[in-house]
Amino acid sequence: MTWRNWLMAIMGAWFVISAWALNPMHSQAYLWTAVILGGLVLIGSIWELSDFRHRNWLYYLEAVFGLYLALTPWFYNFSRHGWATGITAILGVLMLIGGLWQAWSSTDDEARAPTHRAA
């Protein structure tokens, strides 16, 4: 599961960077949305890489952040900028899929893990 955490961390870092690189209308609202949500995904992914406890709530939260970031071109009215809309929407959807995939696969891993009772 670590490669998915690394991938989510990279996408979170990209959204932090994209606040300046892909902000065609120079919106402060988009800037802070991308910085805060991208930063939270980055921090959450690094947290999961450093601690091996599975937190499904964190993965679902990352998925919701991805959905919101995918919709930001329409929320902040820069959908007329095709390149910025495409990159933001695609990476947001990938973040949504990655978060759900992590949550579902960690649930499957826990279900398959053998349970041992103390004697």
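In which helix does Arg4 lie? Arg4 lies in helix H1, where helices (H or I, at least four residues) and strands (E, at least two) are DSSP runs numbered from the N terminus. The structure is a predicted model, in which local features need pLDDT of at least 70 and side-chain atom pairs count only at pLDDT 80 or more, while totals for chains, interfaces and linings use all residues. Residues are numbered from 1 along each chain as its sequence is written, and side-chain values use heavy atoms, with hydrogens and water left out.

The secondary structure of the protein consists of four helices and zero strands, and its elements run α-α-α-α from the N terminus on. Of the 119 residues in the protein, 43% are buried; buried means under 20% relative accessible area, exposed over 50%, and partly exposed in between, with a 1.4 Å probe and protein chains only. The protein exposes about 6900 Å², and carbon and sulfur atoms supply 71% of this area. Such accessible areas come from the Shrake-Rupley method with a 1.4 Å probe, and for residues only the protein chains shown count as cover. Contact means heavy atoms within 4.5 Å. Among contacts between residues at least 6 apart in sequence, 66% join residues at least 24 apart.

Helix H1 has 20 residues and reaches 28 Å from its first C-alpha to its last, close to the 28 Å expected at 1.5 Å a residue. The expected span of a helix is 1.5 Å times one less than its number of residues. The buried residues in H1 are Arg4, Asn5, Met8, Ala9, Met11, Gly12, Phe15, Ser18 and Ala19. Arg4 counts as buried because its relative accessibility is 10%. When residues up to four places away in sequence are not counted, Arg4 touches Trp101, Gln102 and Ser105. Arg4 also lies over the face of Trp101, at 4.8 Å from the ring centre. A charge sits over a ring if NZ of Lys or CZ of Arg is within 6 Å of the ring centre and within 35 degrees of the ring normal.

A pair of aromatic rings is described by the distance of the centres and the angle of the planes. Rings of Phe, Tyr and Trp (its six-membered ring) pair if their centres lie within 6.5 Å; planes under 30 degrees apart count as stacked, over 60 as edge-to-face and the rest as tilted. By this rule, the count comes to four aromatic pairs. One of them is formed by Trp3 and Trp101, which are edge-to-face at 5.3 Å centre to centre, with 80 degrees between the planes. This pair links distant parts of the chain, with Trp3 in helix H1 (residues 2-21) and Trp101 in helix H4 (residues 82-112), 98 residues apart. Trp3 counts as partly exposed because its relative accessibility is 48%, and Trp101 counts as partly exposed at 42%. Tyr30 and Tyr76 likewise form an edge-to-face pair, at 6.2 Å centre to centre and with 70 degrees between the planes. Here Tyr30 in helix H2 (residues 28-50) is linked with Tyr76 in the loop between H3 and H4, 46 residues away, so that distant parts of the chain are again joined. Tyr30 is buried, with a relative accessible area of 0%, and Tyr76 is buried, with 18%.

Two further residues were considered in H2. Trp32 is found in this helix and counts as partly exposed, because its relative accessibility is 48%. Trp32 and Ala19 are 13 residues apart in sequence and 7.4 Å apart in space, C-alpha to C-alpha. Leu40 also has its place in helix H2 and is partly exposed, with a relative accessible area of 41%. Among the buried residues of H3 are Glu62, Leu69 and Pro73. Leu67, also in helix H3, is partly exposed at 42% and touches Gly92 and Leu96, not counting residues up to four places away in sequence. Just after H3, Asn77 takes a positive phi of about 55 degrees.
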